[in-house]
Amino acid sequence: MDRAERLTLGFSLGLLGLFFIAVVYASAGRNVGVPTCIVDREPFERDTLFERQPGVYELQMIARMWEFRPGEIRLPPGSTVDLYLTSLDVIHGFMIEDETASKAHMRLPALMAVAVPRYTGQNVNLMAVPGAVTYARVRFDRPGRYKIVCHEYCGDNHHFMNATILVQ
């Protein structure tokens, strides 16, 4: 090993040690909180659907390889759902498709559904990101079968990742 390689290696190790000391000092000496996994905290310890008030539901969903829980959600027509979504492991997509809607409705821009308070056949398109919570309010006026699919490649069995919302 020549002198330049030893200097580079020594400088790199010194910089790594300085970084380690800075992290320990920040967490112990300055009491800076290190981010933790969001699924260890209330209310995201488990997937939950509950009726907050008549006709208004709250769904707290954790996407994980390669499933959404609960796999089937039953709602009455006219339900409004406040959807809170996060991920346990990697980035997942979350798209609600109306299987009974016409193809013309399916061609509308996907992100419009987030801004539109009533579910009118457009897609709902969210990302489930580890450590973050994504929110959307969706209203299901029409009875039907709405399929939830992952549209972000998340691994080998990505194509099996889906769930269903039955409005009846």
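Reader: What does the accessible surface of the chain come to, and what share of it belongs to carbon and sulfur atoms?
Author: In this predicted model, the accessible surface of the chain comes to about 10100 Å². Carbon and sulfur atoms account for 60% of that surface.

Reader: And what percentage of the residues is buried?
Author: Of the 168 residues in the chain, 35% are buried.

Reader: How many helices and strands does the chain have?
Author: There are three helices and ten strands. Along the sequence they follow the pattern α-β-β-β-β-β-β-α-α-β-β-β-β.

Reader: Let us turn to salt bridges. How many does the structure hold?
Author: The structure holds seven salt bridges. Some of them join into a network that links Arg52, Glu58, Asp82 and Arg137.

Reader: Which residue does Glu58 pair with, then?
Author: The side chain of Glu58 meets that of Arg52 in a salt bridge, with an N to O distance of 2.8 Å.

Reader: Are those two buried or partly exposed, and why?
Author: Glu58 counts as buried because its relative accessible area is 11%, which is under the 20% limit. Arg52 has a relative accessibility of 37%, so Arg52 counts as partly exposed.

Reader: What is the N to O distance between Arg52 and Asp82?
Author: The side chains of Arg52 and Asp82 meet in a salt bridge at 2.4 Å, N to O. This pair links distant parts of the chain, with Arg52 in strand S1 (residues 48–53) and Asp82 in strand S5, 30 residues apart.

Reader: Where does Arg137 come in?
Author: Arg137 also forms a salt bridge with Asp82, and the closest N and O atoms are 2.6 Å apart. Here too the pair links distant parts of the chain: Arg137 belongs to strand S8 (residues 134–140) and Asp82 to strand S5, 55 residues apart.

Reader: Is Asp82 buried or exposed? And what about Arg137, buried or partly exposed?
Author: Asp82 is buried, with a relative accessible area of 2%. Arg137 is partly exposed, at 37% relative accessibility.

Reader: A new topic: Tyr84. Which strand is it in?
Author: Tyr84 is found in strand S5, which covers residues 79–87. At 26% relative accessibility, Tyr84 counts as partly exposed.

Reader: Which residues does Tyr84 touch?
Author: Leaving aside residues up to four places away in sequence, Tyr84 touches Phe44, Glu58, Leu59, Gln60, Met61, Val133, Thr134 and Tyr135.

Reader: How far apart are the C-alpha atoms of Tyr84 and Thr48?
Author: Those two C-alpha atoms are separated by 9.9 Å, while the residues are 36 residues apart along the chain.

Reader: One last topic. Where is the peptide bond with omega near -20 degrees?
Author: That bond runs from Met65 to Trp66, and the bond is cis. Trp66 lies in the loop between strand S2 (56–64) and strand S3 (67–68).

Reader: And which residues flank the one with omega near -5 degrees?
Author: The bond from Arg69 to Pro70 is cis, with omega near -5 degrees. Pro70 has its place in the loop between S3 and strand S4 (72–75).

Terms used: Residues numbered from 1 in each chain as written. Predicted model: local features only at pLDDT ≥ 70, side-chain atom pairs only at ≥ 80, totals over all residues. Heavy atoms only, no water. Helix = DSSP H or I, 4+ residues; strand = E, 2+ residues; numbered from the N terminus. Buried < 20%, exposed > 50% of the residue type's maximum accessible area, 1.4 Å probe, protein only. Contact = heavy atoms within 4.5 Å. Salt bridge = Lys/Arg side-chain N within 4 Å of Asp/Glu carboxyl O. Areas by Shrake-Rupley, 256 points an atom, 1.4 Å probe, with all protein chains shown as cover.
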